Amino acid sequence: MEAESNKTYAFGSFLLDPKQHVLLQDGKAVHITPKVFDTLALLVANKGVVVDKDTFLSELWPEVVVEESNLTKNISELRKIMRLDGLPTDCIETIPKRGYRFNAEVSTFDGPISPVETSPLEQTGEEKRRSFLSVKFGSAILVSAALIGAAVWYGVGPYQNAGISSVAVLPFVHDGSSQEIELVSSGIQESLISRLSQVPDLLVKPRSSVAKYKGSQLEPANIGTELNVGAIVEGRLVQEGDLITGTFDLVDTSNATVIWSSKFQRRISDASLLDREIAEELLARLRPGLDEARKTSIARSYTPSSEARIAYLKGRFLGSRRSLEELSKAETFFKQAIGIDPNYAQAWSGLADLYWWQTQSSEALRDKERFRWMRGQAVLAVDRAISLEPDLAEVRTSRALIRLNNWDFSGAEEDFRRAIELSPSYTFARGRYAFLLTHLGRFEEAFEQLDKVNEIAPLGLQGGGFGYVLRLSGRYEEALDICDKALELYPEDHTTWHTRATILTELGQFKEALEAGKKALELDKEGYNPVYDTQIAIILEKMGDRVGSDKVLAKLMDEVPSGAASPFRIAIIFAARGDNDKAFEWLEKAYNDRELLMTGLRTGPQFRSLHGDPRWPELLKRVGFPD
């Protein structure tokens, strides 16, 4: 039941040339993937006859086992194209439990086709139809048709409507047969997001916004509407032995048109480096006029070693889990990547991030010697990364976080600004920069960053993040509204419940605040959290329950020597009680311990009672806050 490769088929306003792999509508090339084209060719060649599903699978995917959903997806895309032409809704008819049948009227011609040069806008009625159906012969026509065929098959040439301003890279489909294919899949996706985020006028959705579409059967138009993007990148990876075959499409979500499609095959040991080639081809379609220096920078390779790349991806994957055991394994993989390629800046940056994250943990505070060691190692690792790749956004962001930990506010701001300049869609950098601006009291600038984050990824920081900034700026009602909306989406997020508790405390709604604080403690599966106990102690104090507040305070003070609780938290409780001397005593302890929490000292409403004390501006100056 193969298509007659020496025939040209006409139906509606379409011409189909299977031999040259050309599909024209009104004389213009229609960009569809090779498999969608082959699906159409098989249907048209067997007009009026039911083509069973087994025939489709054997003809389109010989010697490869694929899911039937691949065929369903192809049929769905073809129906959209047919509907745009006004063909009957049953043009491609589903025959239950059997297959599909093509029902439109089809005419057959001998020989290849070429596009009609006259614009469809300049033709009307029968003239347009006659012009479209004309078939021309000769060597020039054969060359023209061959070039168009190459464009359809390989995606050659820029997309003529390359005005797309936003894009999402969806999780790629794979069989999950090995950890390697999982790592390769997530690594290519993450790298493409990072690379495309460097395009100045292209909004790119972060990975957190697209994660829910893993395994989704939604049509591109629906995903485009939900994400509010003009295009999506989707792909499929199939592993056979030591080979991985990847098929990737760039789809215009406004009309489900495939702008570009390409197929790659690599040994699994080399597949993790595919992102560079894919990025180059995507840039050629999305931004054909981008200057060469910028394109070279975006598509450059950060390591020539696929082995180093796989080790790095394993480090990132395990590092995201955040358990002590997996963090230790992640450290091993980052060091393995660096051992293979000492000039691999991303691996150095990953190692720096690992140490930075561990300095945030309560485990690190319990071991002050290890805390200081990790802090020093983070600086060494990020300095090495900066020396190798000073213009890589993730490296700049890593250093910004570490500088902020060390109370270097101006240095952190310099790095955040540079990271955002290098990668305008990098929401993590924008979100963390908003926190820095908030701690410096520059609220309007912080909101500018959050507005941009919200444009790229609505609620990308979840309620806790947005609510935190709104709360510190005194916009309590807005902060509460953000938290409530976030809890509708993430009802188990204990950090948002904690933020809600602090906001309600500021609003004087102590009963509701206590309920929210207890909810945060209940949902926190990681164990004892002094942050939540601190807030409960304050709420009980505000409610007039000094006995209950003292009980929680005593528990926290008992935990200070072990590092589970911090002097900074104790100071907050004494400040809430109006005991300034005790508050400054504990703040001095926090200063001597170089506590990270001191970066939030200036704008924290919990210390409002200390602002009139002459010791306050002197402490701010010592911490390093600008005047």
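These questions and answers concern a predicted model.

Q: Why is Cys-91 called buried?
A: Buried means under 20% relative accessible area. Cys-91 has 2% relative accessibility, so Cys-91 counts as buried.

Q: What makes Cys-483 count as buried?
A: The cut-off is again under 20%. The relative accessibility of Cys-483 is 0%, and therefore Cys-483 is buried.

Q: How many disulfides does a search of the whole structure find?
A: The search finds zero. To count, a pair of cysteine sulfur atoms would have to lie within 2.5 Å.

Q: How do you know what helix H27 should span, and what is the distance between its end C-alpha atoms?
A: The expected span is 1.5 Å times one less than the number of residues. H27 runs over residues 580–592, which are 13 residues, so it should span 18 Å; the end C-alpha atoms are 18 Å apart, which agrees.

Q: Which residues of H27 are buried, and why are they said to be on the same side?
A: Asn-580, Ala-583, Phe-584, Trp-586, Leu-587, Ala-590 and Tyr-591 are the buried ones. They cover an arc of only 165° around the axis, so they lie on the same side of H27. Asp-581 and Asn-592, on the other side of H27, are exposed.

Q: What do the buried residues of H27 pack against?
A: Their partners are helix H25 (546–559), helix H26 (567–576) and helix H28 (615–623). After H27 comes Arg-594, with a positive phi near 55°.

Q: How many helices and strands does the protein have, and what share of its residues is buried?
A: There are 28 helices and 14 strands. Of the 627 residues, 54% are buried.

Technical notes
Residues numbered from 1 in each chain as written. Predicted model: local features only at pLDDT ≥ 70, side-chain atom pairs only at ≥ 80, totals over all residues. Heavy atoms only, no water. Buried < 20%, exposed > 50% of the residue type's maximum accessible area, 1.4 Å probe, protein only. Helix = DSSP H or I, 4+ residues; strand = E, 2+ residues; numbered from the N terminus. Arc of directions from axis to C-beta. Contact = heavy atoms within 4.5 Å.
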